[in-house]
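Here is a short briefing on one protein chain. Keep the sequence and the structure in view as you read.

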Amino acid sequence: MTGTAVWATRDTPAGPFTAVVDDDGHVLASGWTTSVDELLGLIHPSLVPSDVVQGDLGPVGEAVDRYHGGDLSVIDDVPVRQRSGPYREHAWDVLRTVPAGAPVTYTGYAAKTGRPAAVRAAAGACAHNAAALFVPCHRVLRSDGTLGGFRYGLTVKRWLLEHESADLRLS
């Protein structure tokens, strides 16, 4: 990919959150880390920007702040750009339809993708998701209701799920 992406780290109650946003305003990678290099390593090779500079995330940064402040639906319309195979890209789109406060199991998530037997493939979509928060892989749990894994740690995943289950939604 050509073009310049902007990155920035914001302080949040769940820890420092960094995002990489392309010049069209799409999130290429994001998560609870201070390492832009870690995030750049998650971006599909066809989408890696030719230059990355620290700067203002604009509407993406505002959405991060508003989400952590309780406006849980603000992340739903933030544009994201990820690439993979057809199933994984579809699975990421489906994941964006899982509402805050209503986590699903990996089995339920696979069913939502239209392939109920593809539990491992659904889990793989979560594991390879570069745009954490905006593609809310934290909303997927093990079949027994336990947290399972999360790239940014179970403490962050627990915080996010508790945040989304609280009556914090702004009207």
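Tyrosine 67 is buried, with a relative accessible area of 0%. Buried means under 20% relative accessible area, exposed means over 50%, and partly exposed lies in between (1.4 Å probe, protein chains only). The model is predicted, so local features need pLDDT of at least 70, side-chain atom pairs count only at pLDDT 80 or more, and totals for chains, interfaces and linings use all residues. Residues are numbered from 1 along each chain as its sequence is written, and side-chain values use heavy atoms, with hydrogens and water left out.

**Helix 2 and its residues**

- Tyrosine 67 sits in helix 2. Helices (H or I, at least four residues) and strands (E, at least two) are DSSP runs, numbered from the N terminus.
- Which residues does tyrosine 67 contact, leaving aside its neighbours within four places in sequence? They are Leu72, Val74, Ile75, Leu133, His138, Leu160, His163 and Glu164. Contact means heavy atoms within 4.5 Å.
- Glutamate 62 also has its place in helix 2, which covers residues 59-68. At 51% relative accessibility, glutamate 62 counts as exposed.
- An α-helix has 3.6 residues a turn, so residues three or four places apart point the same way.

**Leucine 133**

- Leucine 133 lies in the loop between helix 5 and strand 6. At 1% relative accessibility, leucine 133 counts as buried.
- The C-alpha atoms of leucine 133 and tyrosine 67 are separated by 9.3 Å, although these residues are 66 apart along the chain.
- Phi of leucine 133 is near 80°, a positive value in a residue other than glycine. Most residues other than glycine have a negative phi.

**Nonpolar core**

- The largest nonpolar core has 52 residues. Val20, Trp32, Val60, Leu95, Tyr109 and Phe134 have the most contacts inside this core.
- Helix 3 (residues 86-95) gives the largest share of this core, 5 residues.
- A nonpolar core is a set of buried Ala, Val, Leu, Ile, Met, Phe, Trp, Tyr and Cys residues joined through side-chain atoms within 4.5 Å.
- Valine 60 is in contact with Ala19, Val21, Gly25, Val27, Val78 and Phe134, leaving aside its neighbours within four places in sequence.

- Which residues of helix 5 (residues 119-127) are buried? They are Ala122, Gly124, Ala125 and Cys126.
- The cover over these buried residues includes helix 3, helix 4 (106-112) and strand 6 (140-141).
- Glycine 114 is found in the loop between helix 4 and helix 5. At 57% relative accessibility, glycine 114 counts as exposed.
- Glycine 114 and alanine 91 are 23 residues apart along the chain, and their C-alpha atoms are separated by 9.2 Å.

**Strand 1**

- Arginine 10 is found in strand 1 (residues 4-10). At 24% relative accessibility, arginine 10 counts as partly exposed.
- Not counting residues up to four places away in sequence, arginine 10 touches Gly15, Pro16, Phe17, Leu57, Gly61, Glu62, Val64 and Asp65.
- Arginine 10 and histidine 128 are 118 residues apart in sequence and 23 Å apart in space, C-alpha to C-alpha.

**Largest pocket**

- The largest pocket has a volume of about 160 Å³. Of the 15 residues that line this pocket, Leu42, His44, Arg83, Trp92 and His128 are the closest to its centre.
- On a 1 Å grid over the protein atoms alone, a pocket is an open set of points where a 1.4 Å probe fits, with protein on both sides within 12 Å along at least five of seven lines; lining residues have an atom within 4 Å of a point. The volume is the space filled by probe spheres set on the points, which are joined across faces, edges and corners.

**Whole chain**

- The protein chain has 6 helices and 6 strands. Along the sequence they follow the pattern β-β-β-α-β-α-α-β-α-α-β-α.
- The radius of gyration is 15 Å, close to the 16 Å that the globule rule gives for 171 residues, so the chain is as compact as a globular protein of that length. This radius is taken over C-alpha atoms, and the rule is 2.2 Å times the number of residues to the power 0.38.
- Buried residues make up 47% of the 171 residues.
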